[in-house]
Amino acid sequence: MTTPDPVQFCEAFLRSEIAYNTENNILPSENAVAERLLARRLEMKPVYAELQKRLAPDERAIRVFLGVILSATFWDPEAIAEARAGRARLEEVNAEIAEKASALVSLLQEREELHNESGFWSNTEYHPLNLIDRAGEDIYLYKSYVREPLSATRTYDLKYWPRIADCIAVLARDAEEAEIEASDEITEAATSATRRGLADYAKAIFAGIETRREGLPILIPLDFTLSDASFATLVNCSLDLGPDDGVGAEFVKGVRQRERNRKG
C-alpha cells in the first residue's frame, strides 16, 4: 500500500474539518486553529512527517491526534483564564451560600420562637414536604410519579421530620465544606497550576491525548509520544505565536517533567 504524503494527508484532513464545520455552522474556533496550521505549512511539515512515522499506517490515529489539537482551542490561554475565574467565583458563591444559609437558619429559628411565644402566627410553611410539594407544582414528572407516593409518608407525625431550619443548616454546611473539583481531566490539567501561562495550554493538550488512549478500540497508541520539538511547533502554530513569544523544545520538556513529578 502506498504511504500518503504526510503534508497532503494532514492538510486534507484540516480542510475537510473546515468544510464540515462551515457547512454546519459550528466550531468556528476550531476552524481558526486549522487555518493557522495551514498558513504555517513550512513549520508544520516536520510535525506531519513525525506523525506519519509514529502512527502510520493507522490513518485514523493521525486524524484523532489532529482533532485533539483543533479541540484544544477551547483551552487557549484566554479560555483557561476564564475557567480559573469561574473556579474562583464558585468558591465565592459557596462561601456566600454558607453565610446566607446560616443567617436564614437563625431567622427561621427566631420565627419559630415568636410563633410559640408572641401570641401571633404568620401562617408560613413548617413542614419540609410542603416546600417540596409547592416547588414541584410545575414539574410534570414530579406530579405524575413522585407526589402521590411522597404524600403517603405524611402519615408520620411532624416529630419524625427535620425542621425546615435543620434542612437549611445542612445546606449551609454542605456549601461550607464543598471541595471544588474539575469536571474532566482536561479542565483539571489546564487549571491545576498556581501560576497561569502557556504551560496550561500544553497540559490541556497532553490531557486531551490521554483521553483518546482510553476505551475500545484504543484511538491513539499507548506508547505514542510526539517529540518535544514537534509539540512546541504545534503550540506555536495553533496559537499563532511568533518568534518572540513562542516556545521551544526545552519548554515542552520542562512541562512534561513537572507533570510526571506531579503524578508521582
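This is a predicted model: local features need pLDDT of at least 70, side-chain atom pairs count only at pLDDT 80 or more; totals for chains, interfaces and linings use all residues.
Okay, one definition before we start: when I say helix, I mean a DSSP run of H or I at least four residues long, and the helices are numbered from the N terminus.

Let's begin with the pockets. Rolling a probe the size of a water molecule over the atoms shows where empty space is left. The second largest pocket holds about 310 Å³ of space. Which helices each supply at least two residues of its lining? Those are α5, residues 77-117, and α8, residues 164-176. Helix α5 gives the largest share of that lining, with five residues. In total, 14 residues line the second largest pocket, and if you want to find its centre on screen, look for Glu112, His115, Glu125, Tyr126 and Arg163, which lie nearest to it. By class, that lining splits into seven nonpolar, three polar and four charged residues.

Now, the largest pocket. Its space comes to about 440 Å³, and 21 residues make up the lining. Nearest the centre you'll find Phe206, Ala207, Glu210, Arg213 and Lys263. Helices α9 (185-191), α10 (198-211) and α12 are the elements that give two or more residues to the lining of this pocket. How does the lining of the largest pocket divide by class? There are nine nonpolar residues, one polar and 11 charged.

Helix α12 also takes us to a bit of helix packing. Two packed helices are described by the angle between their axes and the distance between the axes. For α11, residues 228-238, against α12, residues 249-263, the angle is about 100 degrees and the axes are 8 Å apart. Angles from 65 to 115 degrees count as roughly perpendicular, so that is what we call α11 and α12. On the α11 side the residues that meet α12 are Asp228, Ala229, Phe231 and Ala232; on the α12 side they are Ala249, Val252, Lys253 and Arg256. Sorted by class, this contact has five nonpolar residues, three charged and no polar ones.

While we're on α12, have a look at Gln257, which sits in that helix. Gln257 counts as partly exposed, because its relative accessibility is 36%.

Most residues other than glycine have a negative phi, and most peptide bonds are trans. So here are some places to check.

Start at Ala56 and Pro57: the peptide bond joining them is cis, with omega about 10 degrees. Pro57 belongs to the loop between α3 (41-55) and α4 (59-71).

Then there's Leu27, not a glycine, yet with a positive phi of about 50 degrees. You'll find Leu27 in the loop between α1 (6-23) and α2. Leu27 is partly exposed, at 30% relative accessibility.

Asn123 is another non-glycine residue with positive phi, this one near 55 degrees. Asn123 lies in the loop between α5 and α6 (128-135). Is Asn123 buried or exposed? Exposed, because its relative accessible area is 67% and the cut-off for exposed is over 50%.

Compare that with another asparagine, Asn31, in helix α2, residues 28-39. Asn31 counts as buried, because its relative accessibility is 11% and the cut-off for buried is under 20%. What does Asn31 touch, leaving aside its neighbours within four places in sequence? The contacts are Glu17, Ile18, Asn21 and Thr22.

Last stop, a couple of distances for orientation. Asp166 is in helix α8 and is partly exposed, with 31% relative accessibility. Between the C-alpha atoms of Asp166 and Phe13 there are 59 Å, and the two residues are 153 apart in sequence. Arg60, in helix α4, is partly exposed as well, with a relative accessible area of 38%.

How values were computed: Residues are numbered from 1 along each chain as its sequence is written. Side-chain values use heavy atoms; hydrogens and water are left out. Buried means under 20% relative accessible area, exposed over 50%, partly exposed in between (1.4 Å probe, protein chains only). Contact means heavy atoms within 4.5 Å. Axes are lines fitted to C-alpha atoms, for helices over the stretch in contact, and angles run from 0 to 180 degrees between N-to-C directions. Angles under 35 degrees count as roughly parallel, over 145 as roughly antiparallel, 65 to 115 as roughly perpendicular and the rest as oblique. Ala, Val, Leu, Ile, Met, Phe, Trp, Tyr, Cys and Pro count as nonpolar, Asp, Glu, Lys and Arg as charged, and the others, Gly among them, as polar. On a 1 Å grid over the protein atoms alone, a cavity is a set of points where a 1.4 Å probe fits but cannot get out, and a pocket is an open set with protein on both sides within 12 Å along at least five of seven lines; lining residues have an atom within 4 Å of a point. Grid points are joined across faces, edges and corners, and a volume is the space filled by probe spheres set on the points.
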